[in-house]
Amino acid sequence: MSWTRGLLALMAAMVIAADPASAQSVLRIGLNDDPDALDPTISRAYTGRLVFAALCDKLFDVTPDLKIVPQLATSYEWGPNQRSVVLKLRPGVKFHDGEPFNAEAVRFNIERHLNTPGSFRKSEIGEIKSVDVINDLTVRLNLSEPLVPLLAALTDRAGMMISPKAAKELGDRFGTKPVCAGPYKFVERVAQGKIVGERFADYWDKGNIHIDRVEFLPITDSTARLASLRSGDLHMIERVSPSDLAQIRADAKLKVVGVAELGYQMIPLNVNNGPKGKVLGADPRLRQAIDLAIDRETIVKTIFANEYIPGNQFVSPASPYYNAKFPVRKRDVAKARQLLQAAGASNLAFTLIVPPERDRQEAALVLQAMLAEAGITMTIQSQENVTMLQAGRRGDFEAYFTFWSGRPDPDGNIYTFNVCNGGQNDSHYCNPALDALLIKARQTADPAERKKLYDQTTEILMRDLPRLILWHRRVFTGFSVKAQGFTPHPDGIIRLKGLKLS
Amino acid sequence: MTSARQAQVLRRLVGRPPTVAAGAVVLIFIAIALGAAHLAPFDPTATDFAAIRKPPSAVHFFGTDEVGRDVLSRLIWGARASLMAGVIPVTLAVSLSIPLGLVSGYAGGWIDSWMMRLNDAMLAIPFLIVAIALAAFLGPSLRNAMIAIGIASLPTFVRLARGTVLALKAEDYVEAARALGCSRPRIAGRHILPNMLPPLIVQSSIAVAAAIIAEASLAFLGLGQQPPAPSWGSMLNAAQRYLSQAPWMALYPGLTIFAIVMALNVLGDGLRDALDPRYY
Amino acid sequence: MSLGLYVARRLLALVPTLFFVSVLIFLLQQLLPGDPALALAGEEHDPAAVAAIRAKYHLDRPIVVQYRIWLGNVVRGNFGESLRSRIPVSDLLASKLPVTIELAICSMLVALLLGLPAGIISATRKGTPLDFTANLIALSGLSVPHFWLGIMLILLFAVRLGWLPASGYATPWEDPLRNLTTLLLPSLVLGTGVAGVMMRHTRSAMMQTLDADYVRTARAKSVPERLVVLKHALRNALIPVITLGAIEFGRLLSGAVLTEQIFNIPGFGKLLVDGVFNRDYAVVQAVVLVSAALYVLLNLLADVLYFVANPRMRGSA
């Protein structure tokens, strides 16, 4: 808030404070870091999604058990061969600036997602070739190839709708003053301070919104965040670390709920990306040996107080797409040594790049000790997250430690990582048989069919291991008992509908 | 310096208990850093997942950290990184400042003027901000942190060296030497250079203290010595997350930094009192 | 020399200094490894898009031209925009600098309240154990690492005792009480360091003035000791102390960097750290440039104060 406006605000506040009946309910949510630009087309940071949940509605939303439900669009119907999909839109919806939400707006938004330079949504919905406006409330998306997971993409930022008028006015500065169609209207943002939203009077579902104002406060230090929750300065905090759970559980004024996340923590291994791919890419037995030497359960138990879930596939063991034939293996050092010897690499050595993030640094140390017992020397190299990801793209790595936040549709967790020339396939693993299966899976609508296909892909990947999946987090949301009506979702996003503040 | 003067300086140094105590502390730290391999009870990178975040005990005098490493051992080994990060950049800065100060002080005119402008420009940016910006642009590592700190420390020394040269140039004995026909390099080497050293030495003690804090600050931010290598600053970084559960993780590294920096400051005080001809 | 002339000469001398500062800061960016256009493009693989970004940010022009464009913008108050949030950097500066200045002022108050009396007492009781203890405490304040002291204070006051909030800064208009409680601990942390310096300088300045002729005269005239100290000695000792204060104020910007990070205060220092970690180079450059400019101006202020307070200086040609 600029200091000159501050004086006016002070006077206004005094007037408001004088009248207790007009006291607003304000929900304060602590964020783990400061979101980037509040523009659905170019936003990348996870915390941005939390703010969007209040400000920007999307075409569809997803339930805790991953069913697609209407939000701004009321229904969908696939065309012949899944090459197009017709969306019916909700009538009577307005943007925060009063502009109507209609098919034209949808077309504008999708084209913006596809054509803006620097758009991060292009890789998510790039298969949309064109958008036809059939009438004011009906839209047809034409695809270059069938893509069943498209709908799941429309439940996130790619499906968020912004006001075309505001977008044209603000251009690439839209992220500083977003105008969407969500339950809360953007009021102000003090960068690295707070982001404030105020109840939108014309929201289409206003009956379910009970809180007048929502404030997002980024606080990077977890100790400060927890202390603020305990003192009542914050009502909710997101992604609570397992080491803080005990304190929240011991406090009668607080609650915490956890849901298995959609994503996973993984180590991509360089199999064929430049000269560094020779170390681990030469023989799949090397990678299998590394995998056998790791005891995932011990990692989860010692570092994460058993609050996380050991994993080894692209979906968590609770997912219907998990291949039960390949459960998380028990550690087998002897077999690992055998494999290494057979491959002629009894003294395997490689470097793992790890960003300074606590969870992964600690886990890396455990891994180092575990691998050492199998005769594998793993050196830990610390690198900033962004640098590491860029090095990954370039092939300047043997292994690096990262994570994927996960997508509601299983395709979002595997395709771009394992298909030849996939956007996130830093390993440069390339297996045409696998590609055929993955492509078929994303073009098939029947879940049972897809499960069969993904089972086959898992079989291949368990043998080739271009990346190691280690565990799935539980997304813990801590909140005060004053905040009622919270429903946890696997994506960890706090949805404002139904929330009450007592 | 004449031998009588040297004796006087030594007497003044040794005669004051605080200076002696501070000097002893500094020597102890140096000894610890050098003899880390023999002194540390545990391997500083040895993890022990059964002993995570254990409070101080007979086995682990200062407790253990978030992956079960012995805090005391990490402090001992961390002394190497910290002391190196203190001494090396300052030594470089002092060494560079002597020729720069001589050139600037002797040349005078526009060379001196523009050198001082450039120097003032670097002095204008607050020390830690220079260090952070440089370390960020160079990339996080202990080596880059030392380069950044060295560059950030340089301007103070250059200004000091030049000031000393100017003051010494006006001294009687230098004028006399010029009158006797001594060449400029000879005057610089025989008369000016040795007398430049005392104020530079005094400043060094304080500068090393500041450099140690700078390295700890950079490591705390994640810009210095990278994990898992031990560094007092990165230990404090880790400690922040577990502040309520394991306060000993933050307490001992901080006390250690405090101890060495305090000792260096007291030593600097003592050196200044002993070497400064004005104080009798 | 008149005051006006002095100030004018000093201001003129500032220009080349600031020019060099701007060159240094601009050159910082050249240290960056890799191609900045690629970093800006993010996930974009399309060469045409990368080329467009390169042109937009003038990265294809020679360095000297880039510098000229950059400097021209800076002089007009345009520092570019934050890469991450797209907010104009000048807006960020305008909202965060006052916060840090408020923190610096509070820290300065703490430093004066602690350092001045300690220095006076120390000077008047020179050589006694009280003097020695005070000096030791001052040195401790100088030597303790700020960020560690901050962490320890948070542990004590926010986590264990719960007396003070751990975060959640509010501007004085929004919530004056909150503003004060959130600034209390950080000001203490920063202030103790400067208090140490203050105390030592006050002490040595007082020691000098207490020895001066006019003080001896006052004593000979049986003026009460307290009056001697407070009225005569202190007034003259304050001159170097005040000028020092102006310089230390500038240095508080440096100390604020870590303190704001720890106490989560949305100020200038935190802006720098966040800019560094988000690779927001425009932000980093702007912060460094403004810090330097502030420091230089404060030094000028200190010199002017010294000039005004010290009649002897004015006489010289």
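Is A:Lys482 buried, exposed or partly exposed, and how many other C-beta atoms lie within 10 Å? A:Lys482 is partly exposed, because 15 other C-beta atoms lie within 10 Å, a count between the 12 or fewer of an exposed residue and the 20 or more of a buried one. The structure is a predicted model.

**The surroundings of A:Lys482**

- A:Lys482 sits in the loop between strand 20 (474-480) and strand 21 (483-484) of chain A.
- Apart from neighbours within four places in sequence, the residues in contact with A:Lys482 are A:His235, A:Leu501 and A:Ser502.
- A:Pro310 is 172 residues from A:Lys482 along the chain, and the C-alpha atoms of the two are separated by 33 Å.

**An open sheet in chain A**

- In chain A, 4 strands form an open sheet in the order 14-19-13-18, with antiparallel pairing.
- Strand 14 (309-310) and strand 18 (402-404) of chain A are the edge strands, each pairing on one side only.
- Strand 13 (residues 264-268) of chain A runs antiparallel to strand 18 of chain A, and 3 bridges join them.
- Opposite A:Gln265 stands A:Phe403, in strand 18 of chain A.
- Helix 11 (residues 296-304) of chain A lies across strand 14 and strand 19 (467-472) of chain A. Its direction is at about 40° to strand 19 of chain A.

**A helix pair in chain B**

- Two packed helices are described by the angle between their axes and the distance between the axes.
- Helix 6 (residues 127-138) and helix 9 (residues 184-221) of chain B pack at an angle of about 45°, and their axes are 10 Å apart.
- Helix 6 of chain B and helix 9 of chain B are therefore oblique to each other.
- The crossing of helix 6 of chain B past helix 9 of chain B is right-handed.
- On the helix 6 side of chain B, B:Phe127, B:Leu128, B:Ala131, B:Ile132 and B:Ala135 take part; from helix 9 of chain B they meet B:Ala210, B:Ala214, B:Ser217, B:Leu218 and B:Leu221.
- The residues of this contact comprise 9 nonpolar, 1 polar and no charged.

**The contact of chain C with chain B**

- Chain C contributes 36 residues to the contact, and chain B contributes 36 residues.
- On the side of chain C that touches chain B, the elements giving two or more residues are helix 1 (3-28), helix 6 (129-143), helix 7 (146-160), helix 10 (225-263), helix 11 (268-277) and helix 12 (281-309) of chain C.
- That side of chain C has 29 nonpolar, 6 polar and 1 charged residues.

Terms used. Residues numbered from 1 in each chain as written. Chains lettered and ligands numbered in written order. Predicted model: local features only at pLDDT ≥ 70, side-chain atom pairs only at ≥ 80, totals over all residues. Axes fitted to C-alpha atoms, helices over the stretch in contact; angles between N-to-C directions. Parallel < 35°, antiparallel > 145°, perpendicular 65-115°, else oblique. Left-handed = near helix turned anticlockwise from the far one by under 90°. Contact = placed C-beta atoms within 7 Å. Nonpolar A, V, L, I, M, F, W, Y, C, P; charged D, E, K, R; others polar. Pairing = 2+ DSSP bridges.
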